[in-house]
Amino acid sequence: MKNKNNFWTLLTKEIYYNYFLSPLGLVFAGLFSLISNWLFFQDFFLSNQASLGPLFNLFPFLFLFFLPAITMNLFAEEKKSRTWEILLTLPTNEKKVAGAKFLAALFFTIFTTMLTLTLPITLAFLGQPDWGVIISGYLGAILLAGSYISSSTFFSSLTNNPIISFLISVLFLLVNFFIGQEAILSRLPTFAASLISYLSAAFHFHFFTEGNIPFSGLIFFSSWIAIFIWLTIVSLKSRDY
């Protein structure tokens, strides 16, 4: 019971102090909401459709830059400021630390993403949006965010420099984003295109934006998150070596 309380204490600390009481967290939430709304309404009245498709198409690209920004300090800054050693003296372990930091970042991202719910509410007054597509799209966005956060958390655990963590995360996610784009896949043989596209998180997310919740997509995102959290734990355990 004591270990469980330690986990929740750590999780609560991460959520409040690293995000909701942090200038970086407030700036992230404000900028994400502002940019997503502005970009959405750029083409909304031109399409003349009550659809959140343009917003969902923005998520992979916006997450690609914003999520590494809010995760780059998760471990790198603690190592740099030498508070990492203090954290490890507490009655906890690497699994709880990695899990708490991942869940805190995911919770804050979900909260920030939900700020865009004003858009489907607006659509409901202007037309008849497909709520099934909206629900599946937001579910896909949460899974996509969890995937990006887990990989960025891992890269943050590898260095004590937040900027390096950010750049590596963005580069990795950029490559993953582009290998799922039709402009790249159309230049490859069919077999190679199918194999490479399956490795792209943005490719799997696209099916959720069409109102589908594919089992393969759920497996992909769950596996991605599990693998990178495991890699983070391994990275933390190897700190003494």
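## Basis of the description

Contact means heavy atoms within 4.5 Å. This is a predicted model, in which local features need pLDDT of at least 70 and side-chain atom pairs count only at pLDDT 80 or more, while totals for chains, interfaces and linings use all residues. Residues are numbered from 1 along each chain as its sequence is written, and side-chain values use heavy atoms, with hydrogens and water left out.

## Overall make-up

The protein has 13 helices and zero strands; helices (H or I, at least four residues) and strands (E, at least two) are DSSP runs, numbered from the N terminus. Of the 241 residues, 45% are buried. Buried stands for under 20% relative accessible area, exposed for over 50%, and partly exposed for values in between (1.4 Å probe, protein chains only).

Among contacts with a separation of 6 or more, 76% are between residues 24 or more positions apart. Accessible areas come from the Shrake-Rupley method with a 1.4 Å probe; for residues, only the protein chains shown count as cover.

A201, A202, H204, F205, F208 and T209 are the buried residues of α12. They lie on the same side of α12, because they cover an arc of only 160° around the axis; the arc is that of the directions from the helix axis to the C-beta atoms. The buried residues of α12 pack against α3 (53–71), α8 (131–156), α9 (162–178), α11 and α13 (215–237).

T209 has a relative accessible area of 12%. Not counting residues up to four places away in sequence, T209 touches F56, V133 and G137. Its C-alpha atom is separated by 8.8 Å from that of A141, 68 residues apart along the chain.

At the start of α12, a side-chain oxygen of S200 comes to within 3.4 Å of the backbone nitrogen of A202. Just after α12, G211 has a positive phi of about 95°. L199 sits in the loop between α11 (190–198) and α12 (201–209) and is partly exposed, at 48% relative accessible area.

## A nonpolar surface patch

L199 also belongs to a nonpolar surface patch of about 430 Å², together with Y198, F215 and I219. Patches are made of residues with over 30% relative accessible area and no salt bridge, with like charges joined within 9 Å and nonpolar side chains (Val, Leu, Ile, Met, Phe, Trp, Tyr) within 5 Å.

## Salt bridges

The structure holds two salt bridges, each defined as a side-chain nitrogen of Lys or Arg within 4 Å of a carboxyl oxygen of Asp or Glu. They link K13, E14 and K101 in a network. E14 pairs with K13, the closest N and O atoms being 3.5 Å apart, and K101 pairs with E14, with the closest N and O atoms 2.8 Å apart. K101 lies in helix α6 and E14 in helix α1 (residues 2–20), so this pair ties together parts that are 87 residues apart in sequence.

E14 is buried at 0% relative accessible area, and K101 is buried at 1%. K13 is partly exposed, at 34%.

## Two further buried residues

T113 is in helix α6 (residues 94–114) and is buried, with a relative accessible area of 4%. Neighbours within four places in sequence aside, T113 is in contact with F32, F59, F63 and Y138.

S235 is in helix α13 and is buried, with a relative accessible area of 11%. With neighbours within four places in sequence again left aside, S235 is in contact with F154, S157 and L158.

Conventions. A polar contact is a pair of N or O atoms within 3.5 Å; within protein, one must be able to donate a hydrogen and the other to accept it, and residues adjacent in sequence count only if both atoms are side-chain atoms.
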